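Open the model in your viewer and keep the selection panel at hand. The tour goes stop by stop.

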Amino acid sequence: TSDFGPVHINILRIAPDAGIAMECVDARTVLLDGADNGNDGSGGSNDGNGGSNDGSNDVQQVGCTDLTTLAKRKGAVAAISGGFFLYSEPDIEFPSRRTDPVGLLVSPRRRCDAGSDGGNSSGGGNSGGGGGFIQNPPVFRRAALLQDADGNFAVDRVGMDGVTVTIGGDDDGNDNTDAVDGMLLSVVVGRNGVRCVHRGDAMTVTVDTNTEIGISIVGTHVFKTTLDGNGTGGSGTSKTMDVPLAGFVLVVPTDNDDSVNINLLSAIRQGTSVSYTFPESLSSITAGMAGGPILLSADHDAEDALDLAAEDFRGSAPPVTFSQDETFDRNLLPRMGAGVTAEGELVLAAVDGRNLEQALGLTLRGTANLLEALGCVRALNLDGGSSKRMVIRHAVHGHRVVCLSTTEIKAKQKNDEDARQDDRGDDEGKEEAIEAVEEVGEDMEKHADKKQKKAEEEAATPELSRPVHSAILFLPKGGI
């Protein structure tokens, strides 16, 4: 137990010399037959710093969103659920869809041979120099778990500043890129007046059409531009554009020196591909998944850690369970924490919660304290709540979810006679209350008797868990 009540934590340590390759995927695009698909998955839950969002299916499930199956298919020795995704937000509108990833997702590049897999959606995409494929850009400057070409793990904030945005000239994530469209625009964010506006900044942005072009981008495709008649309000020399929920508006001065050809800009339209290239300092990144916030900073700077606003968890930026949280980190929830020690060891902590008998969960600060006690000097939070999963390949039973199940609390329904308790005497009401308590006690005893048997059955029976929409896989090249 702890100050937060009973705790149950699964800890996975990966040595820096273990030869483990980290692979980050959009699970909705990984099909069981080995093909990749750009369609969205379905259902699920996205719990942030508060609230439960267990949900319904609103699109056809085509991907491999069961983490156990995904880990087995990929040959992973371990796997965890990944970063945030759209779910609780009230204004999920086209082109965004429920379960779309929020923030950075760097996947492995694929070979062009027919038998390859890699979990990347087709169309758009990006080059990370000699690194991975930026399947989803770092719209929000948030903490990310990273691995470079040398196998080194790191935790750092990654944002759009310094990222090259290229529109046109498709990069589909293959090693041999076949440009379907010619390059129409290539600019560097933060240079020569080029800027990105996301939901943490504002809901709308006004573009001076005399000197700027505004381009609304979601993921790896253009949604709207100020040249195609989109945008509202403003005068004859300005247009107001809505900022997409998990995307951004790229504002580019038309006198920019970075390959801005006015004649080509008019060819940018809805669906035009967009790719991204990291600056040199991040060019060797082969895998990356955004989460946030930073839980521990390398220099133990308290102001750098647990700062939601500094990582764009503000305004209407998703997930709203963090950006609009009013609990001030008082919620005990299932958590997924990841940290790196001074020696370069990766430490993953799957904190169980919502289980009244064995694990209530932790706060963000409690998770930070845990990872520090485990020797981490740098750590971040990944998506938790009912999204949290850890799968380990068992020597006997194969790939299994090691997390505890949550406890469902169901109130007993009263019949019509009970509902009229106010017409009865106080003594009668007290007697019924005592009987109810005794009944609950009997139920708990029965549950305890069945507990061991159930645990034995579960140990031998693989379970299908709630879907994950992004995942981090650990592939063996030497062992853990």
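**Stop 1: β21 and its partners**

Select strand β19, residues 335-341, together with β21: 6 bridges join the two, and they run antiparallel. This is a predicted model. Now pick V340 and look across to β21, where its bridge partner is R378.

Show L296 and A379: L296 stands opposite A379 in β21.

Now turn to β21 alone, residues 376-382. Is this strand mostly covered or uncovered? It is mostly covered, with 6 of its 7 residues buried. Buried here means under 20% relative accessible area.

What holds such neighbours together? Strands of a sheet pair through backbone hydrogen bonds, either parallel or antiparallel.

**Stop 2: an open sheet**

Next, select β8, β9 and β16. In what order do they lie? The order is β9-β8-β16, in an open sheet of 3 strands with antiparallel pairing. β9 (185-188) and β16 (274-277) stand at the edges. Each has a single partner strand, so one side of each is left without a neighbour in the sheet. Turn the view and follow the twist, which averages 20° from one strand to the next.

Zoom in on β8, residues 164-167, and β9. These antiparallel strands are joined by 4 bridges. Select T166, then S186 in β9: T166 stands opposite S186.

**Stop 3: enclosed space**

Hide the cartoon and look for space inside. Rolling a probe the size of a water molecule over the atoms shows where empty space is left. How many cavities of 30 Å³ or more are there? The count comes to 2.

**Stop 4: the whole protein**

Zoom out. The protein has 6 helices and 24 strands. Of its 480 residues, 51% are buried. Show the surface: the accessible area comes to about 21300 Å², and 47% of that belongs to carbon and sulfur atoms. Finish with the contacts between residues at least 6 apart in sequence: 76% of them join residues at least 24 apart.

Terms used: Residues are numbered from 1 along each chain as its sequence is written. This is a predicted model: local features need pLDDT of at least 70, side-chain atom pairs count only at pLDDT 80 or more; totals for chains, interfaces and linings use all residues. Side-chain values use heavy atoms; hydrogens and water are left out. Two strands pair if DSSP finds at least two bridges between them. Axes are lines fitted to C-alpha atoms, for helices over the stretch in contact, and angles run from 0 to 180 degrees between N-to-C directions. Buried means under 20% relative accessible area, exposed over 50%, partly exposed in between (1.4 Å probe, protein chains only). Contact means heavy atoms within 4.5 Å. Accessible areas come from the Shrake-Rupley method with a 1.4 Å probe; for residues, only the protein chains shown count as cover. On a 1 Å grid over the protein atoms alone, a cavity is a set of points where a 1.4 Å probe fits but cannot get out, and a pocket is an open set with protein on both sides within 12 Å along at least five of seven lines; lining residues have an atom within 4 Å of a point. Grid points are joined across faces, edges and corners, and a volume is the space filled by probe spheres set on the points.
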